[in-house]
Amino acid sequence: MRKKQFKAESKKLLDMMINSIYTNKEIFIRELISNASDAIDKLYFKSLTDNSVSLSRNDFKIRIDIDKENRTLTISDNGIGMTADELEQNLGTIAKSGSLNFKEENAQDENAQDISVIGQFGVGFYSSFMVSDRVEVVSKAFGEEKANRWQSSGADGYTMEECDKENAGTVITLHIKEDTENEDYSQYLEQYRISELVKKYSDYIRYPIVMEMSHQVPDPEKEGEYITEINDETLNSMVPIWRKAKSEIKKEDYNEFYKNKFFDYTDPLAVIHTKVEGQATFDALMYIPENPPYDFYSKEYEKGLQLYSNGVLIMDKCADLLPDYFSFVKGLVDSADLSLNISREMLQQDHQLKIIAKAIDKKIKSELAKMLKNDREKYVKFFKAFGVQLKYGVYADYGMNKDGLKDLLLFKSSSGDDYVTLKEYVGRMADSQNDIYYACGENEQKIALLPQLDAVKEKGYEVLYFTDDVDEFAIQMLMEYEGKHFVNICKNDLDLSSDAEKEEIAKKNEDSKELLEKMKEALDGGVTEVKFSNKLGSHPVAITAQGYVSLEMEKVLNAMPSSNQGVKAQLVLEVNSNHPVAEKLKNADEETLKKYTKLLYASARLIAGLDIDNPTEFSDAVAELM
């Protein structure tokens, strides 16, 4: 037996490998299974050109054995194995990868195209020290007479000696640590736990992963009693659905996979199955749920797609693959371009990941646009569930994503019950119309009753209904659509009048300047201006806003938990110059004018969905007039 030291800078480096690169102890099982799969891949590759290899693809397997009494977990394979020199090179030097060497050496061989080496950085093996205090590796290289045993208890070094082994392959035995106050290492000696981890991380390894499993079954000889039945079981499914041709997969297969994988009881609304080759090569299988998850709008909800490298799970929810506006999308991405072994907690810095994320974003937008065009009913159903997310996407990041999302937005409007896109709105605009008009409110019914709506509709113009808090913020970020600017009909600067009408209303306001100033004073700073208006139809009064902050923005901003309630729109009280109330105001004495003004102001605030400061005073004034 030869005692040796690690070639790579000792305890400090190994401690880093164990404690920093891997923050999740359970992934050791993934790393060791991936190494075993690589070893089998190498021998399978050899079998394609070497007749001395008598094994066929169906003969290969990975085996897991548990010995609770001796606290050992063993993972073995019948792959190509390692010589003594290879053991020293691959295990005696931290970060040395035999798999990477193999990949580089055979890069030009066409027979290697079907081989997808997983472990490329030679670090994964050392994750086994996170759960074990001693690791033993027995390996016999294909074509060699003797096997070799490598043993180590960590950074102090390792031993090497020759030993006997019947067939080629590698057996790794982990001596599992004793439990501590904070760590339950015994869980890795339980059949159900190992089976669970294999399904989670290595379900799509292409070779069967076999383990002896025990089950309680009815005793055929004693009614009502059970016996323990022990059988070898294959733990992994091996063939991922996303790598099959679309023609081989039925709709029911997609739906069943979705419900089992992502724990939904309803079928998805849409399936996106794609394979991309180019700057990044990957398979993606994504789903749009029919309904938001129960926790979708809570802080606990985590977005992200499952991320695989050659069928091996790297991350359960990779948030960097989805923008926030597509956070509802469920699914997975599998790419051979991503490293399995090195720094998977730092994947957000991976250049390939950014390329994949960009491609996924483009693909989801394309599929939604296709749904909008070809299946309007389904798209409306989608938009009712997740349309607010798209609107937030337009607003977020200073409008960086607005151009890719603007044609996916839907709104209700004054034209009827159906939703309308911005493109459809502009497409049916009157020749005389230069702007896109909109109004904000709690719901469509309340918007339809706004005084300002009558004047716009009389001109034959359609008005978009904004009922979500984010709507106006998103539109302000969008600024314009196909050269048409957005105009809030409840803003003070709305002007649909002819030159003659403008001249007439300007004269009325000039003639009533003293009256209007007294009304403004009566409201004691509540408004910045009181004026007569000719754009209220049959309605007596309305409130509009000046400047950037609209009435709806004021309500939304002040309703936010972090708000200091200090956001104020600059309000203008508009009185219909053609309504009988205008004459009442002109003929009222000073005290009565104050009462009328406050009544009109409170009425206008209620119509606009704003609170009134003194409901009792308002009620008393109405009763007094009656």
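This section describes a sheet, the nonpolar cores and the cysteines of a predicted model.

An open sheet is built from six strands, and their order across the sheet is β16-β15-β18-β17-β20-β19. The pairing within this sheet is mixed. The edge positions are taken by β16 (416–420) and β19 (480–481); each has a single partner strand, so one side of each is left without a neighbour in the sheet. In general, the strands of a sheet pair through backbone hydrogen bonds, in either a parallel or an antiparallel sense. For β19, the pairing with β20 (residues 484–488) is antiparallel and extends over two bridges. H485 in β20 is the bridge partner of E480.

The largest nonpolar core comprises 73 residues. Within this core, the residues with the most contacts are L321, F326, I360, Y379, F382 and Y437. Helix α7, which spans residues 351–374, gives the most to the core, contributing nine residues. When residues up to four places away in sequence are not counted, L321 touches L305, L307, V333, L353, I356, A357 and I360. Another core, of 58 residues, lies apart from the largest one and includes Y44, F60, I172 and Y207. In soluble globular proteins, nonpolar side chains tend to be buried together.

The structure holds zero disulfides.

Technical notes: Residues are numbered from 1 along each chain as its sequence is written. This is a predicted model: local features need pLDDT of at least 70, side-chain atom pairs count only at pLDDT 80 or more; totals for chains, interfaces and linings use all residues. Side-chain values use heavy atoms; hydrogens and water are left out. Two strands pair if DSSP finds at least two bridges between them. Helices (H or I, at least four residues) and strands (E, at least two) are DSSP runs, numbered from the N terminus. A nonpolar core is a set of buried Ala, Val, Leu, Ile, Met, Phe, Trp, Tyr and Cys residues joined through side-chain atoms within 4.5 Å. Buried means under 20% relative accessible area, exposed over 50%, partly exposed in between (1.4 Å probe, protein chains only). Contact means heavy atoms within 4.5 Å. A disulfide is a pair of cysteine sulfur atoms within 2.5 Å.
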